[in-house]
Amino acid sequence: MKHFFVVTNRSKNEALATAQQILSFLKNHGCRCDMQDFVRYSKDNQDGHLKETDIPEQTECIIVLGGDGTLIQTARDMAKKDIAMIGVNLGRLGYLAEIEKEHIEQTLERLIADEYETEERMMLCGIANIDGKELEKEFALNDIVITRSGSLRLITFHVYVNGKLLKTYGADGIIVSTPTGSTGYNLSAGGPIVEPGARVLLLTPINAHTLNSRSIVLSPEDDIRIEIGAGRHGNIEAAEAVFDGAVIAEMTSGDYLNIGRAKETTRIIKMSKENFLDVLRRKFQDAE
């Protein structure tokens with residue numbers, strides 16, 4: 001590799017110094033390296049994310065500084081670019097951002113020498129239908145969540161799979177997760193941990209008002225539709241469609257979200273010989 005792009009998260013104190021270290025090292029070794037500041041995407045900051053045009057055409061690797069959240073957002077933004085990514089962990093818990101800052105220069109040497117492997121992670125795509133109008137397709141590496149907005153009360157969610165009603169939930173929300181996202185919100189909501197190389201969709205209700213609510217594992221070829229039902233006495237309920245933590249659409253009763261496996265994937269560069277189970281065991285030990 002000779003062409004790199006660095007994404008930094010300025011909310012991390014070490015980010016700028018680490019970025020400058022990377023830029024200097026790569027340029028001293030005859031490589032090209034560009035840099036972009038990271039800004040958290042939100043409904044109030046619609047331009048706070050990378051654009052495909054920000055990345056030079058020759059870029060072979062995106063180096064993401066921050067943590068898993070920064071890498072996940074970058075993966076969303078670059079879903080159509082098919083550029084390999086590697087994360088430098090400046091956060092607290094890194095499943096995806098595996099490189100610690102004290103190992104940066106050794107990692108860069110191996111990248112330049114093409115001594116690495118890549119893992120291909122499946123992504124989700126979703127299209128919201130609001131007031132009868134389809135919004136643009138959005139992507140997620142971890143999960144797509146429809147959650148209540150506003151008052152603290154359960155919302156009715158009608159979940160369809162391949163056009164047939166699967167179940168109606170009274171819940172705070174519904175998570176549709178990839179295997180990569182299984183260790184995120186899905187895990188917190190009681191969903192299963194799945195090896196990231198698997199090809200499945202996980203559907204997990206959030207605080208469902210039922211005694212037999214469980215996660216459901218679906219085929220990656222299944223099409224999921226989640227519709228916001230009417231509230232008590234026919235009241236209009238409010239919800240949000242959230243893609244990897246970014247609020248994409250405000251929804252109300254009658255609106256729905258179609259979710260499926262994206263044809264696009266995220267390629268994560270892997271330097272360590274640790275497999276997923278090794279990392280998982282270590283994370284569990286660190287959390288004790």
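Rings of Phe, Tyr and Trp (its six-membered ring) pair if their centres lie within 6.5 Å. Keep that cut-off for Exercise 1. The model used here is predicted.

**Exercise 1. Rings and charges**

Find how many aromatic pairs the structure holds. Then find which rings the charged end of Arg 225 sits over.

Solution. 
- Step 1: Apply the 6.5 Å cut-off to the ring centres. The structure holds zero aromatic pairs.
- Step 2: Turn to Arg 225. Its charged end sits over the ring of Tyr 160, 5.9 Å from the ring's centre.
- Step 3: Check Tyr 256. The charged end of Arg 225 sits over this ring too, 3.7 Å from its centre.

**Exercise 2. Helix α1**

Solution. 
- Step 1: List the buried residues of α1: Ala 15, Thr 18, Ala 19, Ile 22, Leu 23, Phe 25 and Leu 26.
- Step 2: Look down the axis of α1.
- Step 3: Go just past the end of α1. Gly 30 takes a positive phi of about 75°.

**Exercise 3. Strand β13**

Decide whether strand β13 is enclosed or open, and name its partners.

Solution. 
- Step 1: Count the buried residues of β13 (residues 201-206). Six of the six are buried, so the strand is largely enclosed by the rest of the structure.
- Step 2: Sort them by face. In a regular strand the side chains alternate between the two faces of the sheet. In β13, Leu 201, Leu 203 and Pro 205 are on one side, and Leu 202, Thr 204 and Ile 206 are on the other.
- Step 3: Take β12. It runs antiparallel to β13, and five bridges join the two. Val 176 has Leu 203 as its bridge partner.
- Step 4: Take β14 (residues 216-218). It pairs with β13 in the antiparallel sense over three bridges. Leu 201 has Leu 218 as its bridge partner.

**Exercise 4. Thr 180**

Locate Thr 180, and decide whether it is buried or exposed.

Solution. 
- Step 1: Thr 180 is in the loop between β12 (173-177) and α4 (185-188).
- Step 2: Buried means under 20% relative accessible area. Thr 180 has 8% relative accessibility, so it counts as buried.
- Step 3: Leave out residues up to four places away in sequence. Thr 180 then touches Leu 96, Arg 121, Leu 141, Asn 142 and Pro 196.

Technical notes:
Residues are numbered from 1 along each chain as its sequence is written. This is a predicted model: local features need pLDDT of at least 70, side-chain atom pairs count only at pLDDT 80 or more; totals for chains, interfaces and linings use all residues. Side-chain values use heavy atoms; hydrogens and water are left out. Helices (H or I, at least four residues) and strands (E, at least two) are DSSP runs, numbered from the N terminus. Buried means under 20% relative accessible area, exposed over 50%, partly exposed in between (1.4 Å probe, protein chains only). Contact means heavy atoms within 4.5 Å. Two strands pair if DSSP finds at least two bridges between them. Rings of Phe, Tyr and Trp (its six-membered ring) pair if their centres lie within 6.5 Å; planes under 30 degrees apart count as stacked, over 60 as edge-to-face and the rest as tilted. A charge sits over a ring if NZ of Lys or CZ of Arg is within 6 Å of the ring centre and within 35 degrees of the ring normal.
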